[in-house]
Every structure is written in C-alpha cells, then in structure tokens.
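Here is a short briefing for a reader new to this structure.

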Amino acid sequence: MGKLDGRVVLVTGGARGQGEQEARLFAAEGARVVVADVLDERGQALADEIGALYTHLDVREEDSWRHALDTAQQAYGRVDGLVNNAGILRFNSLTDTPLDEFMEVVRVNQVGCFLGVRTVAPAMADGGTIVNTASYTGLAGMAAVGAYAATKHAIVGLTRVAALELAPRGIRVNAMCPGAIDTPMSNPAALDPAADAEETAKALDGLYRKLVPLGRIGRPEEVARLALFLTSDDSSYITGQPFVIDGGWLAGVSIT
Ligand code: NAD
C-alpha cells in the first residue's frame with residue numbers, strides 16, 4: 001500500500017530539483033503523477049521513467065493552466081492534489097532591482113501559485129490537497145533576494161486564505177518553507193558545463209556549515225518527504241500552515 005494510492009497529483013516545475021524528487025516519491029507511493037514544467041525534454045524523460053504523464057505548463061499563463069488541467073482530467077478523470085513548486089530566484093539589492101526583474105519573479109512565483117490554486121481547486125475532488133512552495137525567505141528576510149522574498153511571503157498569505165476558503169470542501173492547503181536545498185537554484189553552476197560545479201559546491205558547503213545548525217545543505221529528497229506528508233492522509237488535520245524545513249537555520253543565531 002502506497003500513501004498516495006489512487007490519487008492524481010500535479011507537480012509544477014516537476015522536471016528537476018525538488019519537483020523532480022516530489023514526482024519520483026509520489027509515483028513510488030502509488031500516485032498518478034502529472035509532471036508539469038517548461039523544460040519539456042527533461043520533464044518528458046522523467047515522466048517516461050517513472051510512469052507519469054508530462055504536460056507543458058508555463059505557470060505564468062492562464063491558458064497554459066487550463067491546458068494542463070484538461071490534460072490531467074482527460075488522462076485520469078480527476079485531480080486530487082497540486083504541488084505548486086515552480087519558482088525562480090534573482091539576486092539583487094532592492095534599490096538596484098529593475099521593475100521588469102521584480103515582475104518576472106512575481107509572475108512565476110506568486111502569480112503562478114495563485115493561478116494554480118484558482119484553476120485547479122474548483123476542479124479538485126473534495127478532500128484534495130494543495131502544497132505551495134514558499135521558502136525560509138517567506139518567513140524571514142534575506143538581503144539580496146528582495147523580489148524573491150516578497151513573493152514567498154505572499155505565498156504564505158495566499159496559503160492561509162486558500163486554506164480558509166477551501167476548508168468547507170475538505171481541501172487542505174499548506175506551505176513548505178525550505179532553507180537552502182541542493183538543487184540547480186542554489187547552485188546554478190551545476191547546470192553550466194563551463195563552471196566548476198564541484199568547486200562551487202565546496203564553497204557553498206563551507207557556507208552552510210557556518211550558517212545552518214545541522215551543518216549542511218538540505219537534499220531535495222528531504223523536501224519531497226515533507227510534500228508527501230502534506231499531500232497524504234498523514235496530515236489529515238493540518239491546513240493553512242507554513243512548514244519550515246531548513247536544518248534549524250530559522251531557529252536563531254548561535255554565538256559560540
Ligand atoms: P530548480 O530551479 O531546480 O527548479 C525549479 C523548476 O521550476 C524547474 O524545473 C523550472 O523549469 C521550473 N519553472 C521555472 N519557471 C517556470 C514556469 N514559468 N512555469 C513552469 N515551470 C517553471 O529549483 P528548486 O530548488 O527545485 O525550486 C523548487 C521550488 O523550491 C521553487 O519554488 C523555489 O523557489 C523553492 N525553494 C528552493 C530553495 C533552494 O534552496 N533550492 C529554497 C527554498 C525554496
């Protein structure tokens with residue numbers, strides 16, 4: 001018996017990173033998974049490997065959401081779960097951030113999450129689940145990622161309101177707030193053939209050893225296990241909450 005037997009779950013940004021691990025774990029737990037991303041080749045290859053369905057989805061676009069939902073419903077007849085995972089990060093101080101860059105981050109992270117809830121929840125089976133991917137920076141500030149942090153705070157707010165509005169149908173909505181997780185987002189050098197990814201990973205390792213009480217970066221598989229908990233009946237009485245998964249980073253500072 002899998003924890004998600006018979007459930008249909010759509011994972012946005014499911015082609016790589018945390019979304020990929022969520023898709024893998026959900027499929028292993030018996031879900032019929034819809035991997036949705038703009039990375040078509042990678043997303044399709046993953047879907048073929050794990051026996052999932054791939055659909056192109058640009059989370060910024062209403063039409064694209066409608067198409068993804070139609071595809072899922074045509075294939076499986078229903079949708080029980082949504083993981084709003086797609087996201088982008090840009091580094092800049094607030095005073096140096098051009099409006100276009102700010103809006104680019106808002107479109108993907110914040111509008112994408114809103115459109116996901118608005119499109120999928122009405123079609124979702126009663127008792128469904130939505131997991132929104134916020135961040136450590138959805139609950140605390142972090143210099144140099146102002147646009148990103150603003151969208152992640154917004155996702156926590158959206159999660160609380162969606163939880164209240166959807167509770168009468170038994171649909172639970174929660175948010176995950178990961179700290180530093182080892183994916184191409186935190187180490188873009190891993191995707192750049194010209195970069196020394198190992199060297200960058202070593203430098204980041206030193207940084208997280210200092211910053212994070214547990215002394216290491218998180219693994220996308222660990223976030224996937226939290227997403228599974230929030231998507232399965234194991235969390236049946238939990239809704240409207242942000243869940244921090246950060247190795248203790250947000251707990252405070254250590255002076256020793
Ligand atoms: P990632 O860059 O590996 O994955 C992001 C995925 O989102 C990619 O597959 C990408 O193609 C997809 N995506 C981007 N724009 C899209 C769009 N317009 N439409 C559809 N898909 C789109 O990074 P990740 O770390 O796996 O990020 C997953 C989520 O976790 C993001 O929301 C991110 O903000 C959040 N997060 C990451 C970290 C971290 O340290 N890696 C920490 C906290 C929160």
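## Ligand contacts

A nitrogen atom of the ligand is 3.0 Å from an N or O atom in the side chain of D58. The model is predicted: local features need pLDDT of at least 70, side-chain atom pairs count only at pLDDT 80 or more, and totals for chains, interfaces and linings use all residues. Residues are numbered from 1 along each chain as its sequence is written, and side-chain values use heavy atoms, with hydrogens and water left out.

- The ligand has 29 residues around it, and R16, D37, N85, Y148 and T183 come nearest (a residue is near a molecule if one of its heavy atoms lies within 4 Å of it).
- The side chain of R16 has an N or O atom 2.8 Å from an oxygen atom of the ligand.
- The side chain of T183 has an N or O atom 2.6 Å from an oxygen atom of the ligand.

Two packed helices are described by the angle between their axes and the distance between the axes. Axes are lines fitted to C-alpha atoms, for helices over the stretch in contact, and angles run from 0 to 180 degrees between N-to-C directions. Helices are DSSP runs (H or I, at least four residues), numbered from the N terminus.

- Helix α1 spans residues 17–28 and helix α2 residues 40–50; their axes come within 10 Å and cross at roughly 20°.
- α1 and α2 are therefore roughly parallel to each other (angles under 35 degrees count as roughly parallel, over 145 as roughly antiparallel, 65 to 115 as roughly perpendicular and the rest as oblique).
- From α1, E20, A23, R24 and A27 meet R42, L46, E49 and I50 of α2 (contact means heavy atoms within 4.5 Å).
- That contact of α1 with α2 holds four nonpolar, no polar and four charged residues.

## Helix α1 with helix α7

- Helix α7 covers residues 220–231; α1 and α7 pack at an angle of about 55°, with their axes 8 Å apart.
- That angle makes α1 oblique to α7.
- G17, Q18, Q21, E22, L25 and F26 of α1 meet α7 residues, including P220, E221, V223 and A224.
- The contact of α1 with α7 divides into seven nonpolar, four polar and three charged residues.

## Helix α4 with helix α5

- Helix α4 (residues 99–120) and helix α5 (residues 146–166) have axes that come within 9 Å and cross at roughly 15°.
- This makes α4 roughly parallel to α5.
- Among the contact residues are F102, V105 and V106 of α4, and A147, Y148 and A150 of α5.
- By class, the contact of α4 with α5 has 14 nonpolar, three polar and one charged residues.

Conventions:
Helix = DSSP H or I, 4+ residues; strand = E, 2+ residues; numbered from the N terminus. Nonpolar A, V, L, I, M, F, W, Y, C, P; charged D, E, K, R; others polar. Polar contact = N/O pair within 3.5 Å; in protein donor to acceptor, adjacent residues only side chain to side chain.
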